[in-house]
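Trainee: I would like to learn how to read ring contacts. Please take me through some cases.

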Amino acid sequence: MRQLLKEYRLGDMAVRYETDEKRHVGLTLYPADKPLSTVEKQAALDSLVQLKLAGDAAEGCYAQGNTMRNSASVQNMRYVSQNTKEDAFGIEIVTILADSRGYEVHHHLYWKREMPYISVFCEFHNHGQDPAQLELLSSFSIERISPYLEGDCHERLYIHRLRSRWSQEGSLESLPAESLQLDASWNRDSVKCERFGQVGSLPVNNFFPWLLVEDTQSGVFWGAQLYHGASWQIELFRKDENFAVSGGLADREFGHWKKDVAPGESFCSPKAVLTVCEADSLDLASDRLVKAQEDGLESLPAEEQELPLIFNEYCTTWGCPSQENIVKILDALKGKGFTYFVIDCGWYKEDGVPWDVSMGDYQVSEALFPDGMEETVSAIRKAGFKPGIWFEFENVGPASKAYQYTAHLLKRDGFVLTTGRRRFWDMNDPWVTAYLDERLIGMLKRYGFAYLKVDYNDTIGIGCDGWESQGEGLRRNIEATQAYFRKIARQIPGIVIENCASGGHRLEPGFMALSSMASFSDAHECEEIPIIAANLHRAILPRQSQIWAVIRKTDSLKRIAYSMAAAFLGRLCLSGDVTELSSEQWRMVDAGIAFYKKIAPVIKDGTSLRYGPKIACIRHPRGWQCVFRNGRDNRGFAVIHTFDGELPHTIEIPLPDGGPYRIEEVYSDTQEAVRVQDGVLLYEPSENRRAVAVLVSSGSGKV
């Protein structure tokens, strides 16, 4: 029998804590202005804390191998107390559970005033006499989804996930719960669980740590996003008519993780951000999760507030930058409005040795930079740019001397952990830290670099030796990496850090908080760039999503406009054949740069909605896509791309309330048929594979 423990209104959300006769505690989230229904369910309470201790009984009913939830460790945890701490900034609710052995879990829930999300994490304390071995500790667990539907909610719950592969980041997958076999069994006793996530040091290499569950009848969304850069998992669970969601570190079964907690010690899970809302679109629900990442922007360099332009020479020199070719590029870029000039990979390589097998020693190539890096950096500054440089500081390649420093490299089962073209530094080794202090931080300081691109091009996999489990070794190595990011920022105040991992494979909030921006993808010149860029609006802040516009001397004006418009969906980074473009091609690029600067305030602070048919295959897209980004005071812009296949006569994009709207400017390669009528933006597409961007405002507002 459930009883109300406490209920809190947190902005437009409500959180409800309930207990049962055994003093277990469950947590329900619901929209504050949509009262809970009186629907009765055949549903046992599901705990707000999920943990598993070695030696405790697992859940039965075919759970092992599918989930470690609801073990005896959970059943033994009983309610002790709940405390709140409130100030002008927000409220923290701490719920304490304990068992008879002296083990406690403190469940922390924090709401920042006026924000549409809450932050949650769990802390395990060993106050007992014996060591504890954690095999699972969740960051969050919520139940009663959906409290507005009768019975098992059949054919009403949809699961939304963001899948991810290299150069195909953030693809939305939307499935009914039944497609994942999450409908309740006939006897309400068989465990049904979908445990998903990723294992390794590329946190979005499979899925993003992101989830929305939708009650399609009531129009309510529940959302979660994890802040963790190593192996993680999210679980969708049911045994009866209760539908629960939990997530956090990947557990022992899924992520090879086990953690020893000695008497007197504690262990804290990663943070998760949760939300719940009534919404007409999953984009509006996901925007609430993404908004939480604004907290990580407080320490960014002041110049980053204007979203300045970047030039990166990688798609110009293809891993072979030199003093000679950089000077030529600078001559082509002078006066174009760029702030950063980034020297990408290869500045250290020897003749005949590819850049991607020689990183690790990081000695400036005398052949490529015969007058030393000082002269090239000086030329960059004289041309009006802030110099940037590429490092892949966590890994070493087989052509480097560092590859043989096996005493300082990660190992698994006693062997050096090796992939096709990478080995990995032990980031907890003081020798490695000292080495990087000299080769990386020392170089940044010596030459006065203002921008650091941090790349990472492979994955550790399940983990490494040296700790109580290989999964814990992975977690500790990533924790040390993130600590080194923070050290760089302390040692070089004001430095701009770019988060890159084979393009977009570290696009999770923990790494994003350590960076000014991130590479959105390695799809540098692909037709699918606007599709991937639009996907990422659901996972990261557009102002931190660096999108490449690679311009080739063979590009038509139509293709240039297509590429430039795609980059309007985030931070514009230019690359390509800039020394060989015609004056007509440059006029198209310059017009795009001018348009970007006008919309930058809306990229920085706005809400995005995607329109258009679902793209079945992003490598061969058909149909069209529009992203409308709505800023403050009804200022906004639309970016429309057409792909292959049949197009509608007119594309209609509803504009937000607050008109009448007027068109301020249109960017495309031709004069396109675009107009506003009765609060709708109307576009008559003239051709496949074309882009048009439209800047609109209403009232007296002007972007």
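Trainee: Which residue lies over the face of Y403?

Mentor: A charge sits over a ring if NZ of Lys or CZ of Arg is within 6 Å of the ring centre and within 35 degrees of the ring normal. Here R423 lies over the face of Y403, 4.0 Å from the ring centre. Likewise, K34 lies over the face of Y148, at 5.1 Å.

Trainee: What should I know about the model itself?

Mentor: It is a predicted model: local features need pLDDT of at least 70, side-chain atom pairs count only at pLDDT 80 or more, and totals for chains, interfaces and linings use all residues. Residues are numbered from 1 along each chain as its sequence is written, and side-chain values use heavy atoms, with hydrogens and water left out.

Trainee: How many aromatic pairs does the whole structure hold?

Mentor: Rings of Phe, Tyr and Trp (its six-membered ring) pair if their centres lie within 6.5 Å; planes under 30 degrees apart are stacked, over 60 edge-to-face, the rest tilted. The search finds 32 pairs. Take Y314 and W318: their centres are 5.1 Å apart and their planes at 70°, so the pair is edge-to-face.

Trainee: Is Y314 buried or exposed?

Mentor: Buried means under 20% relative accessible area, exposed over 50%, partly exposed in between (1.4 Å probe, protein chains only). Y314 is buried, at 16%. W318 is partly exposed, at 45%.

Trainee: At what angle do the planes of Y405 and W431 lie?

Mentor: At 85°, with 5.7 Å centre to centre; this pair is edge-to-face. Y405 is partly exposed at 31%, and W431 is partly exposed at 35%.
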